[in-house]
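Hello,

Here is the structure I promised to pass on to you. Have a look at it first, and then read on for what was found in it.

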Amino acid sequence: MDKSRERGDRPQPKYKYTTEIQQMMFVFGEVQDPLTETTMLIEDIVRSQVIEIIVLAAAQAQRRGSRFLAAEDFIFLIRHDRTKVMRLREYLSWKDVRKRVREREEAGDEIIDDPNADKPDKMARVNIRLSWELAHSFSENMCDDDDDDDEGMLDAQSDSLKRLRDADEITKQMTRDEYVHYSECRQASFTYRKNKRFRDWAHMSTYIDTKLNDEIIDILGFLTFEMVSKITETALRIKRDIEKAADESADTQETGSKRTANAATSSALASASASATSAPTSASTATATEQQFKRQRVGGDVQTASISLFLGPPTARTPLQVQHVQEAFRRLQRAPQPIRNFKGGLTRTRVSFI
């Protein structure tokens, strides 16, 4: 009885997505085995962002007069990031296409492409009505926004091409086994077949009364993937900048020390030559002094050569540290705040979504 009570009262682990975050970080350019402290910090950041998004989306749905959350509530929160909005709409569109194909396959209908269809290469998009847009305030659309959508899709496609180029650079030197592991890591997700775990992890029942449907969970899974991507890429950029600055500082110090040593050697040789010219009788002393300085100069050359020739191959890449992730989060939170009145006092700073 006591054992069962102990098992029932045992606290659940706080960090449930350590493996998934490590796989995502590896896909975005991090080493294969990131530090545990780094993944735990990223999981804390992503959890806080998810909770903030859920709370604000629920408030937005309440303003619409609805008890249930919709996709437009989340799109409203990220509306300033046009590329992310278009990628999310493209993701929902492909999800809807796969769902319809699956339903037709289960029903036994034969899928035949229509050769006479208009624009067969253009994907049918999900019609998401954005309530804050002026055109959707009317019962009928007064203007065609296909041009704006096409421009947004071009931005999203350019972002996808950039990610493909980065992935190509990462996998260029990989072996077959490493590439297979990389392909498996690309399938990492917070929500795919993990809806219950994700709800418990984000403590959704604490912040909202209604149960989120599968579409909302998929949207949150997409946003969490984007968060890990942005944090990792920003942290890697910061790490490269720090290492570059350290290398430049070391090169500057080494160049300065070499110049100081050469100046000291030149001045000592000049003084020895002057003393030999003024006192011909002390030729043996001058010769000994020159030989001493030559030995010092040769010794300095040998020491310099040992520094540059026997360092060995460059060390392997080091993983991201906690301070890199903290600095990345600080930069991502550095969003322009609206001008407030000058009455003083403390105000709550709004969290910027990653």
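A residue counts as buried when its relative accessible area is under 20%. By that cut-off, buried residues make up 29% of the 354 residues in the protein chain. Please keep in mind that this is a predicted model.

Let me start with the overall fold. The protein chain has 12 helices and 0 strands, and read along the sequence its pattern is α-α-α-α-α-α-α-α-α-α-α-α. Among the contacts with a separation of 6 or more, 75% are between residues 24 or more positions apart. The chain exposes about 24,400 Å², with carbon and sulfur atoms supplying 51% of that area.

Next, the inside. The largest nonpolar core has 53 residues, and Phe190, Phe198, Met204 and Leu220 are the ones with the most contacts inside it. Several elements give two or more residues to this core, including H2, helix H3 (36-63), helix H4 (71-77) and helix H12 (322-332). Which helix gives the most? That is H10, with 12 residues.

Leaving out residues up to four places away in sequence, phenylalanine 190 touches Tyr17, Ile21, Met24, Val46, Phe198, Trp201, Thr224 and Val228.

Now for the largest pocket, which holds about 2,000 Å³ of space. It is lined by 47 residues, and Arg87, Arg163, Arg186, Ala188 and Phe225 are the closest to its centre. The lining divides into 23 charged, 17 nonpolar and 7 polar residues. Helix H2 (18-27), helix H5 (82-107), helix H6 (146-171) and H10 each supply at least two residues of this lining. The largest share, 13 residues, comes from H10.

Aspartate 218 is found in helix H10, which covers residues 214-278. Is aspartate 218 buried or exposed? It is buried, because its relative accessible area is 17% and the cut-off for buried is under 20%. Beyond its neighbours within four places in sequence, aspartate 218 is in contact with Tyr91, Lys95 and Thr191.

Leucine 223 is also found in helix H10, and at 4% relative accessibility leucine 223 counts as buried. Setting aside residues up to four places away in sequence, leucine 223 touches Ile53, Ile78 and Lys84. Leucine 223 and lysine 84 are 139 residues apart in sequence, yet their C-alpha atoms are 8.9 Å apart in space.

Finally, a word on backbone angles. Most residues other than glycine have a negative phi. Two residues are worth a look with that in mind. Arginine 193, which is not a glycine, has a positive phi of about 60°. Arginine 193 lies in the loop between H7 and H8 and is exposed, with a relative accessible area of 74%. Histidine 203 is not a glycine either, and has a positive phi of about 55°. Histidine 203 lies in the loop between H8 and helix H9 (204-207). With a relative accessible area of 41%, histidine 203 is partly exposed.

Happy exploring, and best wishes

Key. Residues are numbered from 1 along each chain as its sequence is written. This is a predicted model: local features need pLDDT of at least 70, side-chain atom pairs count only at pLDDT 80 or more; totals for chains, interfaces and linings use all residues. Side-chain values use heavy atoms; hydrogens and water are left out. Helices (H or I, at least four residues) and strands (E, at least two) are DSSP runs, numbered from the N terminus. Buried means under 20% relative accessible area, exposed over 50%, partly exposed in between (1.4 Å probe, protein chains only). Contact means heavy atoms within 4.5 Å. On a 1 Å grid over the protein atoms alone, a cavity is a set of points where a 1.4 Å probe fits but cannot get out, and a pocket is an open set with protein on both sides within 12 Å along at least five of seven lines; lining residues have an atom within 4 Å of a point. Grid points are joined across faces, edges and corners, and a volume is the space filled by probe spheres set on the points. Ala, Val, Leu, Ile, Met, Phe, Trp, Tyr, Cys and Pro count as nonpolar, Asp, Glu, Lys and Arg as charged, and the others, Gly among them, as polar. Accessible areas come from the Shrake-Rupley method with a 1.4 Å probe; for residues, only the protein chains shown count as cover. A nonpolar core is a set of buried Ala, Val, Leu, Ile, Met, Phe, Trp, Tyr and Cys residues joined through side-chain atoms within 4.5 Å.
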